Amino acid sequence: MCCESKRRFLLLYATQKGQAKAIAEEIQQQAGAHGLEADMHCISEMDKYNLETEKDPVVIVISTTGTGDPPDTAHKFVKKIQDKTLPPDHFAHLQYGLLGLGDSEYMFFCNGGRTVDRRLQELGAQHFYDTGLADDCVGLELVVDPWIDGLWFALKEALQLQKEKEGMNSAVNAVSSSLSTASHAVHELKLGSEVKNLKLEDEGARGSDVLSQKLDDINLVAPARDTKPSLVHSVPPVSQSALNIPALPPEYIEVEFQDTQGENPHLSSLISEGTTFEVPITKAVHLTREDAIKTALLLELDIADTAFEYQPGDAFCVICPNNVSEVEELLNILGLSEKGDDFVCVKVKQGTKKKGASCPQHIPGRSTLKFILTWCLEIRAIPKKAFLRALVEYTSDAGEKRRLQELCSRQGTSDYSRFIRDSNVCLLDLLHAFPSCKPSLGLLIEHLPKLHARSYSVSSSNLYQPGRLCFVFNVVEFPAGPSRPVSRKGVCTGWLAELVAPLLNPSKNSQGTEGKSSSTEKISIFPRPNNAFHLPADPSVPFIMVGPGTGISPFIGFLQHRQKLREQHTDWIFGETWLFFGCRHRDRDYLFKQLRCFLENGTLTHLKVCFSRDSSTVEVAPPKYVQDVLRLCSKEVARVLLKERGYFYICGDKKHMADDVRDAIVDILSMEMGTDKLEAMKILAMLQEAKQYLQDVWS
């Protein structure tokens, strides 16, 4: 029950990977300092709140997943409010503020939040505070921090109006007085960013997300010889500023070592998304030459003895561990090298000030320390500002302490973005850069997110290869840089590459060579069906596929499936198929040269390829990128999309390809229809709405 001395508001969050929940917890934590009480619930816990009867203001924090979908935890809620029988005044009594999280590199930016926001408005709900849309592409904190700052005044104003409606005249003057104080504090807050010594007049704000610090109270870093800022060095004005830093998050987890022995949990217990399958890797193929810029591998899994089902176009997830050497390195820095195999019990600290504290669901009740660091926590995660703030308390060196304070402060926002977020800095990098920082195990469990399974597109057809599942990936490389002293491979792709190394032919010219497994290397997977990215239900409908690089992966499954359908149903009518593929070099990374076989047997009608880095001696240089080839085929593309109502599929890199392809399609529609670009964009939006223009992209 909420405390009666504080005014209540309902706080709902819908999260996919924990971002929205973390922000909701920050709001809940700050609420008390403003004389408010946040009644916080996951939006899926519909038995714990009721919007139909809710009288208090509602705050919603919601992320976006996939290609613009609400997170899994919001599916039931969205389905409920999308009921078309609900009257337009169904939520006329409801006042709410919504914060949406998204990534502008994806087409449907913040669509999870927009969908809920739009539907609540259609059902009569009213905003008490403007909707915020935070962009992970540039840094969520750029919108989240000021949105939370403004939330408290808006909440108090909404609660005042609520009291007036209830006729509680005796309370109006008291609330008005607090509003006056809060308004004055907001004014001071704005001035504070322009002066060195920040003074907060609102007593409530002293314990919230801002700490007032004077230069005299801080042991400043000794002036660095470097004239440019870095992860460990700052320059004016940041180095000479008083800092607005987040409030210290209350600790709530403790870890106890136990003398008992036993077995670690099975990996399937870590997954809540559905049934997991442990399957052997039966084949590994090097698709690129050794001198290619990227290394692409194809793996084949044996699913014959499982109930795993998929369609071409679906995705699936691989449960992967953190890098063994990185886990050992982390244990060494923490002084726990000898305790990695000891069993630990993780529990909530007695007397913690964190409201509603509970152990993270992804942490087993009992396992070895090494198991938690290997399979449960994303030790490569980019540290949030709240984590940096907590690390300050575990740092003994005054200069290092100050720099961590700067990086989590308002004044250090630019430095945080440049040296941490944009540089993909992780906990290990921080501990190397700030060697006097020695955090507790409990702190790591509190702040490191869950290690999520990695998703891959299926690159096969169960009709073509019964009992087999194939997928293709590039081995991700993170080069060393100023903020990261060592290079690293992707968590999952690096692990998979190491796992199948014995299966790969070590010959220098490895393209097209393959290794078949005589061992029993197995990985754990679970399905992630795609509701839209499938072949047309009507085989006579034509379609166009655009998949440069490893983006070609799902289209191999499409073509294998189509080939089998043509063999089995000779009386069917099949529409034409187009494939646009591109890579850097014809002889180094042309991933599937057997595409010619699909062309020769009629499965593929048109194959268009381009090579962006190959030199040309012809007078008119060939097109370098798939979007350039599309423009050369503008009449045919427009015919398939508009006249024949065909499908258009894109798979691959969002930032460097999918947006350019989209622009090319807009240009094609505009040119072939004789209309302006705005009208062409509307037509493309209609194709998307009709699920004729489909994307499977990543950033």
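This is a conversation about how the terms used for this predicted model apply to its residues.

Biologist: What kind of model is this, and how are the residues numbered?

Modeller: The model is predicted, so local features need pLDDT of at least 70 and side-chain atom pairs count only at pLDDT 80 or more, while totals for chains, interfaces and linings use all residues. Residues are numbered from 1 along each chain as its sequence is written, and side-chain values use heavy atoms, with hydrogens and water left out.

Biologist: How many helices and strands does the chain have?

Modeller: There are 19 helices and 23 strands. Helices (H or I, at least four residues) and strands (E, at least two) are DSSP runs, numbered from the N terminus.

Biologist: What share of the chain is buried?

Modeller: Of the 699 residues, 52% are buried. Buried means under 20% relative accessible area, exposed means over 50%, and partly exposed is in between (1.4 Å probe, protein chains only).

Biologist: Why is Met671 called exposed?

Modeller: Met671, which is found in helix H18, has a relative accessibility of 53% and therefore counts as exposed, the limit being over 50%. Its C-alpha atom is separated by 9.2 Å from that of Lys635, 36 residues apart along the chain.

Biologist: What is Thr295 in contact with, leaving aside its neighbours within four places in sequence?

Modeller: Contact means heavy atoms within 4.5 Å. By that rule Thr295 touches His286, Thr288, Phe473, Asn474 and Val475. Val476 is 181 residues apart from Thr295 in sequence, and their C-alpha atoms are 8.3 Å apart in space.

Biologist: What makes helix H9 mostly covered?

Modeller: In H9 (residues 398–408), nine of the eleven residues are buried. Among them are Gly399, Leu404 and Cys408. Helix H8 (385–392) and helix H10 (413–421) are included in what covers the buried residues.

Biologist: How do you know that Phe128 and Tyr129 are stacked?

Modeller: A pair of aromatic rings is described by the distance of the centres and the angle of the planes. Rings of Phe, Tyr and Trp (its six-membered ring) pair if their centres lie within 6.5 Å; planes under 30 degrees apart count as stacked, over 60 as edge-to-face and the rest as tilted. Phe128 and Tyr129 are 6.4 Å apart centre to centre, with 25° between the planes, so they pair and count as stacked. Both Phe128 and Tyr129 are buried.

Biologist: Why is the pair of Tyr456 and Phe473 called tilted?

Modeller: The centres of these rings are 6.0 Å apart and the planes of Tyr456 and Phe473 stand at 55°, so the pair is tilted. Tyr456 is in strand S13 (residues 454–457) and Phe473 in strand S14 (residues 468–474), so the pair ties together parts 17 residues apart in sequence. Tyr456 and Phe473 are both buried.

Biologist: How many aromatic pairs does the structure hold?

Modeller: It holds 22 aromatic pairs. Ring pairs also link Phe533, Phe543, Phe555, Phe558, Tyr647 and Tyr649 into a cluster.

Biologist: What makes the charged end of Lys354 count as sitting over the ring of Tyr252?

Modeller: A charge sits over a ring if NZ of Lys or CZ of Arg is within 6 Å of the ring centre and within 35 degrees of the ring normal. The charged end of Lys354 is 5.0 Å from the centre of the Tyr252 ring and sits over it. Lys385 has its charged end over the ring of Tyr416, 5.5 Å from the centre.
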